[in-house]
Structure formats: structure tokens, C-alpha cells
Amino acid sequence: MFDPDIAPSGTLLGLLQRGRGDGTLHALAAPRAEALAALHHCVLHDPRRDWQVENRSLYYARLCLDLDAGLDEIEQHLFHPEDLVNTDEERTGLALAVLGHLAAYDRLDALRLLRRYAASGANWEWALDELALRDDDTGLCALAPAILARFPETPDGHAELAAAVRGAYEPRPWRLWADDPYYGPRVRAAQEQGAFDRWQRQLRPSGPRPGWSVHDVLLWAQQEHDLSPGARRPDAAARCLAAVAGPEDRPELLAAAASAPDAARAAALRHLAEIGDPEVLDLIEAAVTEPGATELVAQAALSSFERMRSIAALDRARIWAHRPDALGDAAAAMLACRGGQYDTALVLSALRRTVRAQGPDAQALWTLVDGAGRLAITCAAPVLRHVYRETASSHLRGRAARALAATDPSFAAGFAVECLWDCEESTRELAARHAATADARVVEQLRRLAADPAEEAEVQTAVRSRIGPDAAEV
């Protein structure tokens with residue numbers, strides 16, 4: 001994830017960067033040159049906080065069609081000299097995905113541009129995946145010489161080719177090339193090598209063995225963490241503890257959760273939380289609040305608490321929810337997920353506090369926004385509308401829209417209308433079920449979504465429930 005530069009939400013660029021439905025509507029009403037400039041800026045400078053999760057490509061591709069946009073800017077971006085030195089997927093991934101959708105809409109210029117980039121670009125694997133979904137067999141087979149030429153006829157080249165075949169998101173091109181009389185033997189050998197590599201990894205597991213004790217599991221967790229700090233061994237160790245720990249091991253686990261080295265302590269905390277040990281809540285509080293607590297231990301304690309389902313955990317959450325720290329955030333999140341109507345004041349207070357202190361993109365807002373909708377906290381609607389307008393995360397905006405549908409009587413005639421053009425399919429589905437059809441734009445867009453072959457099946461199901469032959473609304 002990275003932190004892009006997002007324009008204010010009241011500007012055309014800011015709306016398009018956020019993927020809001022109003023971005024499309026404003027772009028269609030703006031001067032074409034201004035709209036195209038904002039659109040190209042978004043496509044060439046990916047505005048997503050998490051480019052692997054959030055959707056923008058279909059949203060921008062549809063706007064390209066509506067504006068009859070050319071592809072010169074995208075072509076210059078893809079074949080810029082920077083492509084030779086900056087091979088990160090996020091530099092070109094969005095542009096390639098937009099081209100993929102345009103190719104699906106029968107834009108032949110987009111298909112030709114994808115073929116060129118797959119043959120010579122740094123992010124060729126992404127382009128090839130897009131072509132695997134949209135190109136015909138003849139076009140894919142024509143790419144075999146250029147793609148296989150990337151891998152020299154050396155041991156390292158063969159290993160790289162096997163890794164590429166094994167890691168391909170869409171295997172169709174490789175299957176076609178495996179049947180080619182000239183290139184087939186090499187591709188089939190790479191496929192076999194990839195399968196052999198997976199088999200070898202399965203024969204050499206490195207985790208705990210049957211018969212290990214609690215002490216052995218905790219020692220393994222710490223040793224593996226010391227060797228590879230990002231490997232998340234405490235989580236795996238906690239699962240192993242569930243298999244080997246018995247009542248007689250409780251003193252050792254309590255001691256480890258209080259003062260063991262970081263990874264072992266994290267594993268013990270998670271295990272004790274999962275079995276609902278009566279002392280674990282005090283241990284969690286100490287792990288988060290004690291001076292000198294490391295991030296690994298504090299995060300393990302918080303995540304362990306968030307997984308708890310007991311009445312005791314809910315009672316403790318009501319005590320901690322007033323705290324203006326990470327423990328208070330975790331407690332409010334638990335109440336938002338599992339609390340009752342009598343917890344609405346605490347959830348609303350945490351929602352307002354988080355927006356004031358951390359802004360509309362705070363990670364803690366995701367659960368709190370869901371909780372406001374689940375508990376139908378009607379007086380949370382103004383805060384939810386603020387989050388909807390300002391957040392740069394299209395996923396959080398979708399959650400805010402869902403919460404507004406449960407809390408704001410004006411949602412159907414307000415934000416639900418623009419949500420029909422939103423970049424996230426789940427948000428479009430919500431809008432299809434709620435948008436008031438008194439607005440002529442709603443009926444027109446519902447029909448367009450129903451007829452669009454690129455639209456998700458869930459969205460089209462929701463649309464047809466409103467405009468089908470048995471529906472009375474439209």
C-alpha cells in the first residue's frame with residue numbers, strides 16, 4: 001500500500017480519484033478537455049490507497065467510452081523510458097487493466113496496445129493476463145516468440161520460465177503455447193518443473209512436528225521470528241498450541257504471555273484468548289499499555305482481543321471503550337461488531353472521536369461505520385455522510401453507503417443515486433436496490449447496467465429485481 005496525493009473531494013479530479021459516482025456525472029457535464037485531463041491523471045497516477053483491493057479500472061474504462069477518449073496518453077505512459085527502470089506493477093497496472101476493459105468493449109486500439117506492451121513492456125505478465133481474458137487464440141499464439149525470448153536458454157532462464165508459468169494468474173496462453181510444435185517442448189518442461197517444485201516444497205515442511213510440547217512450540221515461534229521477522233510465526237504457533245496444550249500447561253502459558261520474548265509472548269496471548277482464559281484480559285491490557293511494549297506484542301494482544309466472543313470480553317470492552325488509545329479503539333470495534341442497542345452511545349462516541357482525531361481515512365473507521373449501520377444509529381448519519389464524501393478509500397465509502405441505507409431516510413433519493421456509477425460493484429449493487437426511481441437518471445442507468453456484459457452478476461441481479469417484468473417500480 002502507498003499514500004497517493006488525493007485532490008479535495010469537491011473537485012472533479014478528487015471525485016474521479018475516489019471513484020465516486022458523482023465523478024462520472026460531473027465529468028460528463030464538464031468541458032471535455034477538462035474531463036479528459038482529470039481522467040488521464042487518474043489512470044496514469046493510480047489514486048488507490050490499496051491498489052490490490054480497490055476497483056477503479058472498469059469505472060475509468062466506462063468513462064473513457066463515454067468521453068470517446070483516445071489512448072495516446074496511456075501509450076506514452078506505458079512506453080516511457082521509466083518502464084525500463086521502474087518495474088513495479090502499480091506504475092502500469094491500472095492503465096493495463098483499463099485497456100483490458102476497453103478491449104472487452106471491442107476497442108481494437110486497446111487490444112493492439114496490450115499486445116505491444118505484452119511483447120516489450122516490463123509489466124508484461126499483467127498485460128498477458130488481460131489478453132488471456134480478451135484476445136483470441138491467434139493473437140495469443142503470435143505473442144509466444146516475444147514472451148519466451150525473455151527467458152534465455154540457460155539454467156537460470158529455465159528456472160525463471162518455470163516460475164513465470166507457475167505464477168501465471170491466467171494459464172490460457174501457456175496452455176496454448178504448450179501445444180505449439182516449436183515452443184511446446186520448452187513450455188511443457190517449464191510446467192513440469194513448476195509442478196515438481198511444488199511437490200518438493202510439500203515434502204520438506206519446516207513447522208512443528210507431532211509430539212512437540214508447549215515449550216517446543218514457543219521456542220520454535222521465537223527462533224523463526226528471529227530468522228524472519230515478517231513471517232507471522234506467532235499465528236502459526238498459536239494454532240499449534242491449540243493441539244498440544246493441556247490444563248497442566250496453563251502456568252507456563254500464563255508466564256509466557258506475561259514476560260516471554262516477543263514472538264513467544266504473542267503466540268501465548270493469542271492461544272489464551274482463543275480458549276477464553278479468565279486471566280487473559282488483564283494480560284492483554286498489560287501487553288498494550290505497559291511501558292516499552294513492542295509493536296509485535298501490542299498488535300498480537302489487540303488482535304487476540306478482537307477475536308474473543310465471550311461475555312467477559314464484551315463487559316471489558318464497555319470499560320475500555322472510553323480510552324483514547326489503541327485499546328479503546330479495539331474495544332469500540334468489538335462493541336460495533338457484537339454489542340447491543342445499549343452500546344450505541346459508546347459506538348457513536350468512538351465514531352465521532354475517530355473522525356475528529358484521525359480523519360475520514362482512519363483504519364478504525366471501517367468497523368465503526370459497519371457498527372453504526374448494524375445498530376441503526378440514526379444520529380450517526382451526519383458523520384457517515386462526511387466519511388462518505390471525504391474518504392479516499394472506495395471500500396470505506398461503500399461501507400458508509402451501506403450504513404447510510406440503514407440510518408438516513410434521505411439515502412434513497414440522495415447518495416444512492418450517484419452510487420449507481422460508483423467504482424465498487426458492491427456499492428453499485430446497494431444502489432440498485434435502494435435508489436429512488438423518481439430520478440430519470442436512475443432508470444436509465446439501471447437499464448444500462450442490466451445490459452452491460454462487463455457488469456458483475458450480483459449487480460445485474462439487483463437491477464433486474466427493480467426493472468424485471470414483475471417489478472412495479474420501473
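Predicted model: local features only at pLDDT ≥ 70, side-chain atom pairs only at ≥ 80, totals over all residues.
Visitor: How many helices and strands does the chain have?
Guide: Helices are DSSP runs of H or I with at least four residues, strands are runs of E with at least two, and both are numbered from the N terminus. Counted that way, the chain has zero strands, and its helices number 29.

Visitor: What share of the residues is buried?
Guide: Buried means under 20% relative accessible area, exposed means over 50%, and partly exposed lies in between (1.4 Å probe, protein chains only). The chain has 474 residues, and its C-alpha atoms fill a box of roughly 70 × 65 × 45 Å along the principal axes. The buried share of those residues is 50%.

Visitor: Among contacts with a separation of 6 or more, what share joins residues 24 or more positions apart?
Guide: A contact here means heavy atoms within 4.5 Å. For residues 24 or more positions apart, the share of those contacts is 65%.

Visitor: Which helices do the buried residues of α2 pack against?
Guide: Helix α2 covers residues 21-29, and its buried residues are Gly21, Asp22, Gly23, Thr24, Leu25 and Ala27. Their packing partners are α1 (12-18), α3 (32-44), α4 (57-67), α26 (415-419) and α28 (440-451).

Visitor: How are α4 and α6 turned relative to each other?
Guide: α4 and helix α6 (residues 89-104) pack at about 55°, with axes 8 Å apart. Axes are lines fitted to C-alpha atoms, for helices over the stretch in contact, and angles run from 0 to 180 degrees between N-to-C directions. Angles under 35 degrees count as roughly parallel, over 145 as roughly antiparallel, 65 to 115 as roughly perpendicular, and the rest as oblique. So α4 and α6 are oblique.

Visitor: Which residues make that contact, and how do they divide by class?
Guide: From α4 come Ser57, Leu58, Tyr60, Ala61, Cys64 and Leu65, while α6 brings Leu94, Ala97, Val98, His101 and Leu102. Ala, Val, Leu, Ile, Met, Phe, Trp, Tyr, Cys and Pro count as nonpolar, Asp, Glu, Lys and Arg as charged, and the others, Gly among them, as polar. The contact of α4 with α6 then divides into nine nonpolar, two polar and no charged.

Visitor: How many disulfides does the structure hold?
Guide: A disulfide is a pair of cysteine sulfur atoms within 2.5 Å. The sulfur of Cys64, a buried residue at 2% relative accessibility, is 10 Å from its closest cysteine sulfur, in Cys42, so that is too far for a bond. For Cys337, partly exposed at 41%, the closest is in Cys379, 19 Å away and also too far. The search of the whole structure finds zero.

Visitor: Is the crossing of α14 and α17 left-handed or right-handed?
Guide: Helix α14 (residues 214-227) and helix α17 (residues 262-275) pack at about 130°, with axes 7 Å apart, and that makes α14 oblique to α17. A crossing is left-handed if the near helix is turned anticlockwise from the far one by less than a right angle, and right-handed if clockwise. The crossing of α14 and α17 is right-handed.

Visitor: What classes of residue meet where α15 packs against α17?
Guide: Helix α15 (residues 233-244) and α17 pack at about 50°, with axes 8 Å apart. The residues of α15 in this contact include Pro234, Asp235 and Arg239, and those of α17 include Ala263, Arg270 and His271. By class, the contact of α15 with α17 has nine nonpolar, one polar and three charged residues.

Visitor: Is Asp106 buried or exposed?
Guide: Asp106 is found in the loop between α6 and α7 (108-120). Its phi is positive, about 70°, although Asp106 is not a glycine. With 67% relative accessibility, Asp106 counts as exposed.

Definitions and conventions. Residues numbered from 1 in each chain as written. Heavy atoms only, no water.
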